[in-house]
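Subject: Structure handover

Hello,

Here is the structure I promised to pass on. Please look it over, then read my notes below.

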Amino acid sequence: MYEPTALFWYKSIFTAELLIAEWLFTFRLKKRKYYPLRFAGLCVVCEGVSFALPILGYNAFFSSVLFLSIFAVTVLCLKFCYNESWLNIFFCAIAAYTVQHVSFEVYNFLVVVTRINEGMPVEVYGDRMQEMTNMISGLLYFDSYAIVYWLTFLIFGRMIRKDEDLRVVSKSLLMLSAIIVLVAIVFNALVTYYSYDFSDPFYISIVSVLTIICCLLALCIQFGLLSRRQLKQELDAVNLMWEQEKKQYAVVKDNIDYINVKCHDLKHQIRGIGRSSSLDEQSISEIENVISIYDSVVKTGCEALDVIITEKTMSFSRNGIKLTCIADGEKLNFMSETDIYSLFGNAIDNAAEALMKVQDKEKRVIGLIVRTSGTFLSVHIYNYCPEPLKFADGLPVTTKADKRAHGYGVKSIRMITEKYGGEMSMSQKDDIFNLDLLFPLDK
């Protein structure tokens, strides 16, 4: 009569461990219709396949092929559950397998150093019936997998954002991921079978530690490439915004100069027409006041700052937003005109966007102060903001539904500030939102 061996039972256990790890790395991907039923079917199919796979031998080569086959089945089933590219599926599955392997090695290391199994590793590949696991071994198993899964999800899994395309297009990344899988399977099998014949707790412990370190480094490389891709996307978006703002600055500057000249001439013409007609002084003053809205009188000593303040004052007037300015603009001459336009434009636009939610028009005020303090230039921009804000990495978290399409303006401000060796801080106190920039001045 056939007696199930340790390897026979471990096939199903390994499949369950792998599926849990894969779910941790994939549940934020774009799901297909009837996802819960699909994933439940995935679990049944994968466990069924692992149970049905025959054991043709007890050696490192066959064990490697066996577990690789189970892994391949889970990848195919994940594609059935998620509306993602094969590369995205494979990326997450590789990460899951690596985490499962780290968990196993942590458990194996603890079993050896605590001498629960008389210094021998966990016998999951053996050709004999696995002995009944005691309570301590069971607690070590549960704690090892639970802690490793939880920590790796917090560190790596959270980098996979909900419904966001990973855009894993690097062939080198795909090759690296494939090597990780093959090395993890083959190396683990070789070491395990060798340790059954030559019991050396010290040797087994060292190998487990080295395997854990290698797997964690592989995860760092894998998700480091993903993180770098996300940062590159943000940088490309900010650079594109800068290019657009350069063109916008040139157009706005020319338009404001043209409008100011025409408005100045028009006021004199109206005054002349009024004197030769029946218009009274009050009517003439009202007409001049209307035209004066478009006649820039802001003179900070920095032409680019004058342009942005004039533009925003004109556009804000119909929404009842007031922009007050006390600025020593001459001290901004160390910055390029387009950087000044981009920095102050984004900061003022963010403040105005927040004020649009304020019903009391008396509180729709944006304050701008630019002044020197010793060898530093400080920029302080503030506005009323009764809504409590959350901050992450020193930046306010957007309250908009599509968080990926917003926040580039604030990042642009920080990048420009750091470009000139400055520091940026944002805070909220007493319903006032404050943006402070500090630049060193060369004396």
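D339 is buried, at 6% relative accessibility (buried means under 20% relative accessible area, exposed over 50%, partly exposed in between, with a 1.4 Å probe and protein chains only). The model is predicted, so local features need pLDDT of at least 70 and side-chain atom pairs count only at pLDDT 80 or more, while totals for chains, interfaces and linings use all residues. Residues are numbered from 1 along each chain as its sequence is written, and side-chain values use heavy atoms, with hydrogens and water left out.

Salt bridges

D339 forms a salt bridge with K419, with 2.8 Å between the closest N and O atoms. This pair links distant parts of the chain: D339 sits in helix α10 and K419 in helix α11 (residues 408-419), 80 residues apart. K419 is exposed, at 52% relative accessibility. The term salt bridge here means a side-chain nitrogen of Lys or Arg within 4 Å of a carboxyl oxygen of Asp or Glu. Helices (H or I, at least four residues) and strands (E, at least two) are DSSP runs, numbered from the N terminus.

By this rule there are 4 salt bridges. Another of them joins D349 and K312, whose closest N and O atoms are 2.8 Å apart. D349 belongs to helix α10 (residues 337-355) and K312 to helix α9, so the pair ties together parts 37 residues apart in sequence. D349 is partly exposed, at 33%. K312 is buried, at 8% relative accessibility.

E387 and K357 also form a salt bridge, with the closest N and O atoms 3.9 Å apart. E387 lies in the loop between β3 (376-384) and β4 (391-392), and K357 in the loop between α10 and β2, so the pair ties together parts 30 residues apart in sequence. E387 is partly exposed, at 33% relative accessibility. K357 is exposed, at 53%.

Two strands pair if DSSP finds at least two bridges between them.

T324 has G367 in β2 as its bridge partner.

M424 has L437 in β7 as its bridge partner. The β6 and β7 hairpin has 2 residues between the strands, and D430 takes a positive phi near 55° there.

Cysteines

How many disulfides are there? The count is 0, where a disulfide is a pair of cysteine sulfur atoms within 2.5 Å. The sulfur of C81 has its closest cysteine sulfur in C77, 7.2 Å away, too far for a bond. C81 is buried, at 0% relative accessibility. C302 is buried too, with a relative accessible area of 8%.

Best wishes
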